[in-house]
Amino acid sequence: MRSTRPEHKRWSVLSAPLVRTSLWLLGIALVCVWLADLQIRSTAPWSELARFGRGLIQPDFATFDTAIVALTRTLAFAFTGVGAAAVLGMGLALIFHYRVVRIFCAFVRSIHELFWALIFLQFFGLHPITGVLAIALPYAATFGRVYSEILEEGDRGAVEALSAHSGLISIFWYARVPDLWAHLTSYTSYRFECGMRSSAVLGFVGMPTLGFYLESSYAEGQYGEVGMILLIFLITIGSLRLWLRPKLVVLYLLAAPFLLGAGLPIVWGNATRFFTVDIIPSPLRNGEGVAGLASWLGDLLLYQALPGIGTTLVLTQIALVGTGIVALLTFPLISRLFVDRFRQVPGHGLLIIGRSVPEYLLAYILLQLWGPSMLPAAVALVIHNGAIIGHLIGRQSSTLRLRPDVVGGFNCYTYEVVPRLYRSFLSFLLYRWEIIMRETAILGILGITTLGFYVDSAIQELRFDRALVLIFITALLNIGVDSLARTIRWQLRLRTTPAKLEAV
Amino acid sequence: MSPLILNQAYADFGGTRVLGPISLHVQPGEHIALVGRSGAGKTTLLSLLYDRRRSDITFIPQTLGLVDTLSVFHNVYMGQLATHSGAYNLINLIRPFRTQIRAVTAVLEQLDMASTLWSRVGELSGGQRQRVAVARSLFQDADVLLADEPVSALDGPRSEAVMQALIKQNTTTIIAMHDLDLARRYANRLIGIQDGTIALDAPSRAVNTHDLDALY
């Protein structure tokens, strides 16, 4: 019974806290657009795009067998990496109540799998273990957090009914897991899909997965081959539900480690040198003492970290708001409320393509077409993340039950549907904030001057001491954005657990 | 308005017949109360009638169909979305028009709800929510009203006020209700539904308590 608001004061949607927060985000993004470099630099961007489009429409299957090998490797890395991560993650979930474990997971998670790959490359070289660890480590940290959230939400009734002497492991498997099994597996299979994308992208740093073949086909201008690779990747991800069956997964997991390829042998001398020499800051190595270290660090922060942070923040903000706009515009395409089942097909197709192609790959392609600026990166991030959120809220909107006498079309969109979905829309968007930032940083490897650019340059110059400091800064930035997003979610009383949000 | 007609209409749910075949003529000016046990088919009958999607019909479903995140004002205003352009509605969402505020307030006053004008619907009690749905229907200003238990959460005097407002606003009303006393006072025709068919159809003065008891 609340009716204390003064009557003369009109309530507008703009005064709702959720909308106000969104407007702030939008305002900051507009400033960022003004700051950002969004030019198209290539001389003939559209004819290049047309040539690329022709390659997509007329894929060239001449090197199909090579691509199938690359696809097998991609699957093998994904299964081995995500499988190991799931086991590790479950272990972490059980001890997740220790603060030190939580901090450790947050840190490991905040470093992108490509950065992990770049680190492991230094001491394992092009051995498959590099790719497996690059996926397994950050994924395990994510699993740890999400599994622990799932376990927390579960009913403890069954545990209390058991004898206290049943043993922790038995209690866990008998009284906890069965109830939560469906939830755990649906989240794990979602992450496996992410793992497929990560695995493909690892090709860009030398793993024998699809990204590797795509990059070389692209470099040779073989657009038909690029089209073929994209096509088989999309089909594989699109048909995930058909071949990712519980019984088959056991088989896949057993076979995967044997299908990783041989790679190159590990040179243990490199590993030792990496830890004992390479990552020691150069002033210390050269005996310049604390003063040398201070100026080394100062230069690094001022000329690399700061500009990198600036670009990363600007691009992240543009991508975040663009993602939101694209999601809000595209979800009606797949919503029962706006289009009938048959007409949803093209919308579904569009969103599946958008969310299946990794941002990194998309950014790579657009960068080749449009030349270096923030534009290709922003567009890639917006397409991928917008399609993911559009898909999630589109599905949610289809479960809404509107009153039968509701008016259709635009009025229904603005008055009935968006107000009902806005809360979960904003939860999804804020949850993806950190993911978008992690991805933004990594796109620097492609030549956009986000933090990844400086990390990659340092590695190219074999200055691993610098690279590690920059990766550490990137991780802190991600943790910062994550906690900011969490504060906003908490203040707006939005749901905060990603488990529920992602595995919809 | 033209008469509302059902001719041998029926409804199946999951392969079983839940209603019908039913034939029904509703003349302009009739105020009909649908009575019967819960599950007898009242809601289904209302949706069959509503399926015609005539623009002169307003409908209050049992689930109310309110948007919790919007204000009472906006929820009531939604009754007239169809009569304005999309752009007008969008502006009204961001900055409510003075004329609309006045009009909506007038409707809310009839229901003793004017003080909640800017409350979010999600913050209201069950009875208040029901009156918001009623207000939306009144604001729509249609000839024919179809309503499914529109006063179930309201106390005596409040439900009287709502019934009066609904009868006054709409030329023709078809209202499902379980309060038999209220039904006999406000309706001029009673239709009793039993096991998916019409078991009783008579002017309300001609119906005695015994006839009604047979339905339950």
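Let's start where the two chains meet: 27 residues of chain A and 31 residues of chain B take part in the contact. Two residues count as in contact when their C-beta atoms, placed from the backbone, lie within 7 Å. On the side of chain A that touches chain B there are twelve nonpolar, four polar and eleven charged residues. Here Ala, Val, Leu, Ile, Met, Phe, Trp, Tyr, Cys and Pro count as nonpolar, Asp, Glu, Lys and Arg as charged, and the others, Gly among them, as polar.

Keep in mind that this is a predicted model: local features need pLDDT of at least 70, side-chain atom pairs count only at pLDDT 80 or more, and totals for chains, interfaces and linings use all residues. Residues are numbered from 1 along each chain as its sequence is written, while chains are lettered from A and ligands numbered from 1 in the order in which they are written.

Now to chain A by itself. Chain A has 22 helices and zero strands; helices (H or I, at least four residues) and strands (E, at least two) are DSSP runs, numbered from the N terminus. Its radius of gyration is 24 Å, close to the 23 Å that the globule rule gives for 504 residues, so chain A is as compact as a globular protein of that length. That radius is taken over C-alpha atoms, and the globule rule is 2.2 Å times the number of residues to the power 0.38. The C-alpha trace of chain A spans about 75 × 70 × 55 Å along its principal axes.

Chain A is assigned domain 1 (14-43 + 286-504) and domain 2 (60-276), with bounds from an automatic or database domain assignment. The C-alpha centres of these two domains of chain A are 22 Å apart. Where they touch, 23 residues of domain 1 of chain A are in contact with 26 residues of domain 2 of chain A. On the domain 1 side, α21(A) gives the most, with five residues. By class, that side of domain 1 of chain A has 17 nonpolar, four polar and two charged residues.

Chain B brings in a sheet. Six of its strands form an open sheet in the order β4-β5-β6-β3-β7-β8 (chain B), with mixed pairing; strands pair if DSSP finds at least two bridges between them. At the edges sit β4 (57-60) and β8 (197-203) of chain B, each pairing on one side only. From one strand to the next, the twist averages 15°.

Strand β6 (residues 172-176) of chain B pairs in the parallel sense with β3 (residues 31-35) of chain B over four bridges. Five bridges join β6(B) to β5(B), and these two also run parallel. Here is who stands opposite whom:

| Residue | Opposite residue in β6(B) |
|---|---|
| Ala33(B) | Ile175(B) |
| Leu34(B) | Ala176(B) |
| Leu146(B) | Ile174(B) |

Is β6(B) largely enclosed or open? Five of its five residues are buried, so β6(B) is largely enclosed by the rest of the structure. Buried means that 20 or more other C-beta atoms lie within 10 Å of a residue's own, with C-beta atoms placed from the backbone. Thr172(B), Ile174(B) and Ala176(B) point one way from β6(B), and Thr173(B) and Ile175(B) point the other way.

Terms used: Axes are lines fitted to C-alpha atoms, for helices over the stretch in contact, and angles run from 0 to 180 degrees between N-to-C directions. A residue is buried if 20 or more other C-beta atoms lie within 10 Å of its own, exposed if 12 or fewer, and partly exposed in between; C-beta atoms are placed from the backbone.
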